[in-house]
Structure formats: structure tokens, C-alpha cells
Amino acid sequence: MSDGPDGLTIRGATEADREELLAFLSTQMGAEREYFDAAFRYRPGALWEHSRVGVVDGRIACHIRLYPREMRLAGGTVRTANIGDVCTDPAHRHKGFGGALLRDGLAYMAAHGIPMSIIHSGVTGFYASGGWETFPQRGYSFAPRRPLLRVPGIEVRRMRRHADLDAVARVHGAHSAGRSLAVVRDESYWRTHFSWVGDDEREFLVAEDDGGVVGYVRSYRGAVHEIAYLPERPRAADALLEAVVRRRSKRAEGRVEIALDAPTDLPSLAGLRDAGVLVEKVRWHMLVRSVSLKALLEAVAPGLHPPRDERRVALRSGNEAAAVVFDGDEARVDPDDGADAVEVTQRDLFLWLTGEAPLGASGGAAGAWALLREMVRSGAPHFWMIDHV
Amino acid sequence: MCARDRKRPAMSKRALRQQAKRMAELQSRPAEPSTARENLDLDLDADVTVRSRGTLHRVSVTVDGEDASGCAVWELQMRVAGVWLKMGGIGGVGTRPEHRFKGQARRVIVNALRWMRRGGYDVTLLFGITGFYPKFGYAPAFPRTRSYLDVDVAAGANALGYRFVPYGPKYLKRVLGSYHRTVSDMTGPVRRLPKRWRPFREGLNWGPRIACRVALDRAGRFAGYYASDDQGATIELVEASLIDVAGAGDVLRAAAADARERGQERVVLNLPEDDPVVRSARPLGVLTEIHCARDGGPLFRLIDVSSTLRKLAPRVGSGFEGMGALSVRTNLDAVGLRWSRGKLKVTDAIPGSPNAKLPQWALGQMIVGYASASSLAAAGVLRAPARAVRAFEEMFPQRPHFYYANDKF
């Protein structure tokens, strides 16, 4: 529990807050109470205290929700807290309550060993003032001029929950292995996610090849939320997209446009690009923040590769410094005073760890970045928006 | 042909309507760029004339003593990977109605290509309709890039307090100096010569004029400029150049005010994705859209593979370690590349060296950073051993490239 401005008390919610909290959120966020109830109850690992509430005169005045996740990053796995459901009662706005809640959220993350945080929002300025920085997220749209070609030998059908779930989970695991920003989904995620994911089961399709599931796609009204395939069956992606377009064409009137949330290595992109129908979209609406540089590096250390000519690489970002030390192929993280460290902005830190080109990787800094780049072997990072909250 | 001649229809309205229908059909079918063997060293056809006035050249085919079909070739220089290439900008392609669909425009373009080759041009660009130019080896090489930012957010960008005044001739020298500094590391922009450049002339659709405003710092000194394509109901920022990139926020604020005046909800930035103004909008949540057309729009090709690579060699070969050799065989020219200790030499094809085979337009797409060697290899357009593909990737990385609307021809 902590004190904030104007008589605000901040604490984690409890079971006793349930009715008031659900009523508050449905009023402020414009979604049904049952949505929040399901999300808070059935999400694996969800706790009431992940709702950080600000209380004034005994009533909830503001709220943020932490959604802890395990996420792949730079060949390792890191704990993150995605922040969502941020709202303040209009009567209490412009008093600094939101900022106070974010600080409380960061303190909660630090206390629970969560080294990074992610937010998706169109109001980037508010979160930037709390230390989050925008990060590129790639997506696509396309409006096919004619139906896509069917892929021979691959059958696409609706997913059968009880029969296909294990295979779908395996495809997801194989597709996201080594892919930065992919959230790790355990068995309970797949068992319970239909409880909160809404009605998109109708457009959850699987691709079958020789009797086995080799890919799947989740879409809703022409928006592809997720598409994955076994690395050795890339043609499954073409088959799945063809099915999405065909189904959408039957239901939609006029020109069909498909929104596609997918990583840059989706095999179908090259063909759509060559056909001149693909629009690549780079959104800077995702915000990232390091809570602890040392803890972040410790989390990714098992996946880092030793550079050719260095055994110790020190990094400084903001007020923090830490050094990655290689003993053979094993990496550990030591404290560092930052005097001889490679200085990176927070945004470049994440661009580096995800395998994207850091913005500062030019001019005099190019040598340092070449060294850092040797340490990370991770391509086509992707955060599925479906994993945010 | 003169204006008086143009007014005199030589065909019936019905025949003209049929022509229009055929042209619409042609434009509805995107075409694949040609991979057929080319020889641009042939002489110009006997009935082709080229009239030159300064840097503007007019290539015409004459039939019965009058111009039947023609095009303009603008002599320009295009910045590519830090060097200037001699670029022929083709525009004003037209054929008299009575000579259409008889192959006259084809002869004009083919002869223009030969003429450019003879004139020492390296590359050529045109803004073309769909379905016609790929047969001459032209291919898309410049994506359409636009970024969008909420007006209210742009209006709140951090600013240095610049004041903006309308552009006037007294700013020409500084505007050009600022422009050339900005484009020195870019690929796509053209050189603007003070005596020849007509300031802020063309818009996104060849008109109306682009409006330019000059930024003055608090002390009243020139700090840069931005230019907008003002269509009246809508406005897009189409160019910006700043002495201090920290002033990008000032440009965003000014663009927000322009957009708000027209009732736009979003500021539209028709700028390269890595332009300082777009970069300054990233923390504010900008959305960038990149569209690569299959055909039509800005189309590019090489005129001389050897001269192009010779000019680029000092820049693209400087990072090469070790030694190597490669023969690059296109449907236009074959050259050899030999590198040793950071120096790249362009020679004739080297017997016994690994071969990289690809059409000239694919090499052009790689050179400007539109397509990567690996994607071309995956598509079967580039046939080369893996180490040659890697060498190409190193020489010609995919990167943002852009052609400013103001320099359309």
C-alpha cells in the first residue's frame, strides 16, 4: 500500500473488491463486467492483486491491471508485465493519479522480479512520461485482386477444440521457438483461453497435411490475429490465408481487405508483395520499459552468444549498468560501474535484444553495435496483440 | 506537335472511344518486367529525332514528316548509396491518336533507352501507367511510404520555438544547401542545381504547386524548411530539411496547424520512413504504411550496368573483407566484380569466377535497396551461389529510399 496525491491510497485489489472493481471497470472501460471477470479469473496465474487500485474516500478512483507473462527474448525467457485496463474516474482526472499508479506498478514488478513491462496504447505521451518508450510493431493489410491460389495437399478446416488443442499448442511452440517477443503459453493457457477469448472460435482454423495439424490461424471478421505453422511446413501459411480470404469473401460485401498481424518472416508476404497488394504497417504504439537492466540481462543470458573477441561486455542504459561475462559459451551477469560500458538508450536496448536494427547503430557507435549484434541470434520478432491482455 | 495540331481530331469520336477502352484494358493488367536479352548499343532508328534544350531532350518518331509519337528525357542526377548517378527521367510520353496501337510509343521508348545509353546515362526513372513500361525493363523500385500522426498529438510535439515564413527566392541558396545535406546519405533524391531547379513546382499529382515554408530560429536565422502538397481540402507534408533535427517537432506542430485548418484528423507525412521528422514522431505513436506496387507509379531500370557499378564501387565495396571475384550477368550487360582488402573493382566478366545471373531491373532493385538479394534468390530471379548472394546482401542492403514529389517530371 502506498500514498499518492490528493488523498489517494494505492494498493493491490482483493477478492473483497470484486463487485466494486468489476462495476468500476465496466463503467470506465465500456466493456461488459463479465469480460473482466473472466479475464481476471481464468487467465493462468492471474491474481486479484494484479489489479492496482487507487482509492479515495473508500471508493475506487483509478485502476491499472498488470498481466504477467513469460516472454521469449534474445534466445532466453523473461518475465514481463503487460499493463492494461488503465482508467480513472472522470471526477479524479488530471490529479496525477494515473502516474502514481504506474509508479506503484513498477514497484510491484521490481518487488516480484519482473524486469520489463509492455503497454499498447495510442496515448503514448502519458506513458512516455513514466519512462516507457515506443517500439515498432509490424503488421500488414492486403486487398487481393483475385482469390488466392489453393495449396494442394493441405486441407484447412475449423479447429475442433477437444481433438486439436494439443497439436495447436505444439505448432505454436515450434513457431515461436527462438522468436523474440513471443509469449510462452503453457498448457493451462490453451485449456482455459476459450473462456475469455470471446467468440472467435468460429474463425479458428487449422491446416492439415498427411493427417496432422501443421498450422493454424485465428481471425475475426477479416482481421488475422495470429497465424502459425510448423517451420518445415511453410506452405501451410499460404493455405490458411487462402481460407481466410475465401471465407471473408463469402461473408463480406464488396472489396475484401484483410488485416494481418504477423511477423516479417511469414512466407506468404513475398507473394503478396510481388502481387502489389500488400501494405506494410509499422506502428509505434507499443511501449516498452526496463524495470531492472541487470535482471533483464540475467533472464536473457542463457540465450546470448559470446562475441569473437570479447569475454566481458558492459552495458549502461539510463542510470543502470551491468556486464555480461562469458565463461566458455555460458554467460553470467555481473554488476558494473558503467565507466567503460557501451551506452544504449532503452529503445535501442530492446531493439538489440529483439534482433531489430538499433536506431543508434550508425556512425561512431557502429563498432559497439557490431559487437552486441554477435551476441544475439534472433530474427523476425513478433508480439501477438492477442497476448496483451 | 504544336497545340493547334492537337486540337484537330484526325479520328472519329467512336474510334477515339475504342482507343480509350483499349488503353483502360491495358492499364488494368499489371505486367512483369522483361527479362529478354537487350542491346542498347544499336543506332537510333532513321526516323527518330532528338531535340535538346539544356537538360531537356525530346525524342520523337516522325511519320510522313510530322511527329507521331514522342517523350521527354530529363537529364538528372540521382543520389544512390552516397554517390550521384546520371539519371534519365522519362516523361511526357504521348502518341497522336491516329498513330496509336501501331508500335510507335514502343519505338520511342526503345530509342530513348538507346539514346541514354549513348549519352552516358547510368539509370532511368519514370512515373508510368500500369501495363506498359515493364516490357521495356522498367520495374517498381520505390515504395509508396506515408506516415500518419494524430493532429492533437503532433500539435504537442516538443519544439524549439521556430517561426515559419513563406519561401521566397532569397532563401534559395540556403534551402538547396540544407536539402543536399539532408539527402547526402539517402537513396533516391535528385540533385537540384541552383540555375536549373525550379523551386517547389510539382505536387503529388503534378500540381497544384507545393507550398514551402522556411523555418527561422529564435534569432531569425535560417533553420530549415518544409514543403506541403496543398490540395485545398487536404494537405500532406512532402519534404522537410532541418539544420538541427531537434527542430523536427516544430515542423510537426506546423504541419498539425496546417492539417487542422483543413479539418484533417491526422497529419500525413509523405516522407521516407527514416526521415528525421518521422523519427521524431515515433515516440508519439506514428503509423507508417509502406506499399510496394506490382506495376505503375515510379518505375526504374538500369541503362548501363558497368558505369553504374563503377560509380558505386568505392562506397559499396569499402566494407569488404578478404578477396573475391564474381561475374554479374544480366540481360543487358555482363561485368566482373573483384574485391580485395576493402576495394571493389568493376571489370569485364571474369572467366572462371562464380556467376550471378539476374535481369538488369532486379539488380536495379537491389542497388536502390528495394529488394534484397536473398528475396530475389528465393523468388528464382537471382541465380547465384550462396556466397554471391551474401556478397550482394553486403553490397546492397535493403534500406529506406525515396523520391521527393517535388522532383517529379
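Reply: The side chains of R221(B) and D217(B) form a salt bridge, with 3.0 Å from N to O. The model is a predicted one. In general, side chains of opposite charge can pair when their charged atoms come close.

Me: Are the two partners, R221(B) and D217(B), buried or exposed?

Reply: R221(B) is exposed because its relative accessibility is 54%, and the cut-off for that class is over 50%. D217(B) has 16% relative accessibility and is therefore buried, the limit being under 20%.

Me: How many salt bridges are found over all chains?

Reply: The search of the whole structure gives 45 salt bridges. One of them joins E19(A) to R33(A), whose closest N and O atoms are 2.5 Å apart. E19(A) belongs to helix α1 (residues 18–29) of chain A and R33(A) to helix α2 (residues 33–42) of chain A, so this pair ties together parts 14 residues apart in sequence. E19(A) is partly exposed at 46% relative accessible area, and R33(A) is also partly exposed, at 25%.

Me: Which parts of chain B does the pair of E32(B) and R294(B) tie together?

Reply: The closest N and O atoms of E32(B) and R294(B) are 2.7 Å apart in a salt bridge. E32(B) lies in the loop between α2 (13–27) and β1 (48–53) of chain B, and R294(B) in the loop between β13 and β14 (297–302) of chain B, so the linked parts are 262 residues apart in sequence. E32(B) is exposed, with 54% relative accessible area, whereas R294(B) is partly exposed at 22%.

Me: Which residues are linked in a network of salt bridges?

Reply: Such a network links R185(A), R218(A), E226(A) and D387(A).

Me: Let us turn to the interface. How many residues of chain B are in contact with chain A?

Reply: The contact involves 17 residues of chain B and 19 residues of chain A. The buried area between the two chains is about 1600 Å², and carbon and sulfur atoms give 47% of it. On the side of chain B, the residues that lose the most area to chain A are R282(B), I290(B) and R294(B), together 31% of what that side buries.

Me: How should I read the pairing of strands?

Reply: Strands of a sheet pair through backbone hydrogen bonds, either parallel or antiparallel. Here strand β13 (residues 278–290) of chain A and β13(B) run antiparallel and are joined by five bridges. Within this pairing, E280(A) stands opposite I290(B).

Me: In what order do the four strands of the open sheet in chain A stand?

Reply: The order is β16-β15-β14-β17, with mixed pairing. The edges are β16 (330–335) and β17 (342–343) of chain A; each has a single partner strand, so one side of each is left without a neighbour in the sheet. Strand β14 (residues 312–317) of chain A runs parallel to β17(A), joined by two bridges, and L315(A) stands opposite V342(A).

Me: Finally, how is a positive phi to be judged?

Reply: Most residues other than glycine have a negative phi. D64(B) has a positive value, near 50°, in the loop between β2 (56–63) and β3 (66–80) of chain B. A81(B), also not a glycine, has a positive phi of about 50° and is found in the loop between β3 and β4 (83–95) of chain B. D64(B) is exposed at 79% relative accessibility, whereas A81(B) is buried at 16%.

How values were computed. Residues numbered from 1 in each chain as written. Chains lettered and ligands numbered in written order. Predicted model: local features only at pLDDT ≥ 70, side-chain atom pairs only at ≥ 80, totals over all residues. Heavy atoms only, no water. Contact = heavy atoms within 4.5 Å. Buried area = accessible area lost by both parts, 1.4 Å probe. Pairing = 2+ DSSP bridges. Buried < 20%, exposed > 50% of the residue type's maximum accessible area, 1.4 Å probe, protein only. Salt bridge = Lys/Arg side-chain N within 4 Å of Asp/Glu carboxyl O.
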